[in-house]
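The sequence and structure come first, followed by the description.

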Amino acid sequence: MMGKRIVVALGGNAILDGDPSYAAQKTAVDQTAKALAQLVKQGHQLIVTHGNGPQVGNLLLQQLAADSKKNPALPIDTLGAMTQGSIGYWLQNSLQTALSDSNVQVAAIVTQTIVDEADSAFKSPSKPVGPFYTAEEAQTLMAQNPKLTYKEDAGRGWRRVVPSPLPIAIAEIPIIKQLVAAGTIVIAGGGGGIPVARRQKKLVGLEGVIDKDFTAEKLAEQVEADELLILTAVDHVYTGFGTPEQRQLTQVTAANVTDLIKSHEFAAGSMLPKMIAAKNFVTSRPNGRTVITSLDNLKYYGTGDMGTIIER
């Protein structure tokens with residue numbers, strides 16, 4: 001089997017699985033790195049991206065707890081950069097250890113993702129971040145800072161919501177391409193990247209969170225990947241998930257995905273963005289494919305049962 005250029009999109013469970021301590025997260029990353037190293041040893045070239053939602057949420061709590069005039073809390077885009085740096089460091093370190101018997105280099109890039117300031121998401125914030133509040137607490141917070149928006153989150157309480165604009169391009173793509181061409185494993189686009197807008201000759205950070213699957217797809221397009229490998233909590237994508245009609249999907253086309261999306265088969269907060277990203281990638285790369293599976297199922301990569309495969 002010839003080696004492929006694969007963009008690997010890691011789900012949150014690849015980094016954080018319950019215990020938010022440093023030791024537990026680093027252990028999870030070590031296990032993830034060992035699984036990814038097997039792909040490298042099979043001859044594949046990897047570009048790795050990852051989620052950072054739980055880490056940003058925890059960091060936001062820490063920022064709010066220490067917020068004062070002398071030590072003011074930092075904005076969301078900066079928290080995204082901080083967690084990109086920490087998770088990128090963990091992954092870089094763990095992959096270097098897992099591949100210590102090879103000459104493969106690993107580099108983590110703090111990545112800015114260009115968005116459009118006219119994106120409708122900025123008028124309708126929808127991405128929940130941070131802690132839960134009561135309705136009364138949320139109203140008080142909005143009165144104190146009218147620029148912030150809080151909404152009820154699935155009956156669990158009120159949370160701050162921020163814009164979730166669509167990614168247009170990866171600002172650091174020239175550097176990423178150079179590293180990929182040199183055979184380096186690149187870690188980029190973590191947490192969807194830091195949302196920035198182009199104002200004349202400047203890139204300006206914006207308060208928001210970009211969907212990590214959409215950024216993974218954009219990254220895969222721009223590095224001309226052969227495959228987008230989305231690792232999540234389940235081995236396969238299912239229709240009728242959680243119902244008696246639940247059915248496993250193994251091989252589907254972009255047209256199948258379009259029909260399933262129209263039928264509202266996928267939950268907006270979980271599988272829907274993954275399926276949209278899968279469809280967009282195989283549409284943009286006629287010979288490319290997307291594989292959606294679990295990290296545990298990665299041991300079957302290259303065999304018949306390797307998850308849900310989406311092709312054009």
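Axes are lines fitted to C-alpha atoms, for helices over the stretch in contact, and angles run from 0 to 180 degrees between N-to-C directions. Helices (H or I, at least four residues) and strands (E, at least two) are DSSP runs, numbered from the N terminus. The model is predicted: local features need pLDDT of at least 70, side-chain atom pairs count only at pLDDT 80 or more, and totals for chains, interfaces and linings use all residues. Residues are numbered from 1 along each chain as its sequence is written, and side-chain values use heavy atoms, with hydrogens and water left out.

**Helix pairs**

Two packed helices are described by the angle between their axes and the distance between the axes.

| Helix pair | Axes come within | Crossing angle |
|---|---|---|
| α1 (residues 22-41) and α3 | 8 Å | roughly 50° |
| α2 (residues 53-66) and α3 (residues 76-98) | 9 Å | roughly 120° |
| α7 (residues 254-262) and α8 (residues 271-284) | 9 Å | roughly 150° |

Orientation classes follow the angle: under 35 degrees counts as roughly parallel, over 145 as roughly antiparallel, 65 to 115 as roughly perpendicular and the rest as oblique. A crossing is left-handed if the near helix is turned anticlockwise from the far one by less than a right angle, and right-handed if clockwise. Contact means heavy atoms within 4.5 Å. For residue classes, Ala, Val, Leu, Ile, Met, Phe, Trp, Tyr, Cys and Pro count as nonpolar, Asp, Glu, Lys and Arg as charged, and the others, Gly among them, as polar.

With axes of α1 and α3 crossing at roughly 50°, α1 is oblique to α3. The crossing of α1 past α3 is right-handed. On the α1 side the contact includes Y22, V29, A33 and L36, and on the α3 side W90, L91 and L95 are among the residues. This contact of α1 with α3 holds nine nonpolar, three polar and four charged residues.

Helix α2 crosses α3 at roughly 120°, an angle that makes α2 oblique to α3. Here too the crossing is right-handed. From α2, residues Q55, V56, L59, L60 and Q63 touch I76, L79, G80, M82, T83 and I87 of α3. Seven nonpolar and four polar residues make up the contact of α2 with α3, with no charged ones.

The axes of α7 and α8 cross at roughly 150°, and the two helices are therefore roughly antiparallel to each other. Their crossing is left-handed. A254, V257, T258 and I261 of α7 pack against L272, M275, I276, K279, V282 and T283 of α8 in this contact. The contact of α7 with α8 counts seven nonpolar, two polar and one charged residues.

**Pocket and cavity**

On a 1 Å grid over the protein atoms alone, a cavity is a set of points where a 1.4 Å probe fits but cannot get out, and a pocket is an open set with protein on both sides within 12 Å along at least five of seven lines; lining residues have an atom within 4 Å of a point. Grid points are joined across faces, edges and corners, and a volume is the space filled by probe spheres set on the points.

The second largest pocket holds about 600 Å³ of space. Its lining has 23 residues, and N145, L148, Y150, R160 and E207 lie nearest the centre. Elements giving two or more residues to this lining are α2, β5 (127-133), α4 (135-144), β6 (149-152) and β7 (158-162). Strand β7 gives the most, three residues. The lining of this pocket comprises 16 nonpolar, three polar and four charged residues.

One cavity of 30 Å³ or more is found in the whole structure. The largest cavity has about 40 Å³ of space. Its lining includes A9, H50, D213 and K274. Helix α6 gives the most to the lining of the largest cavity, with three residues.
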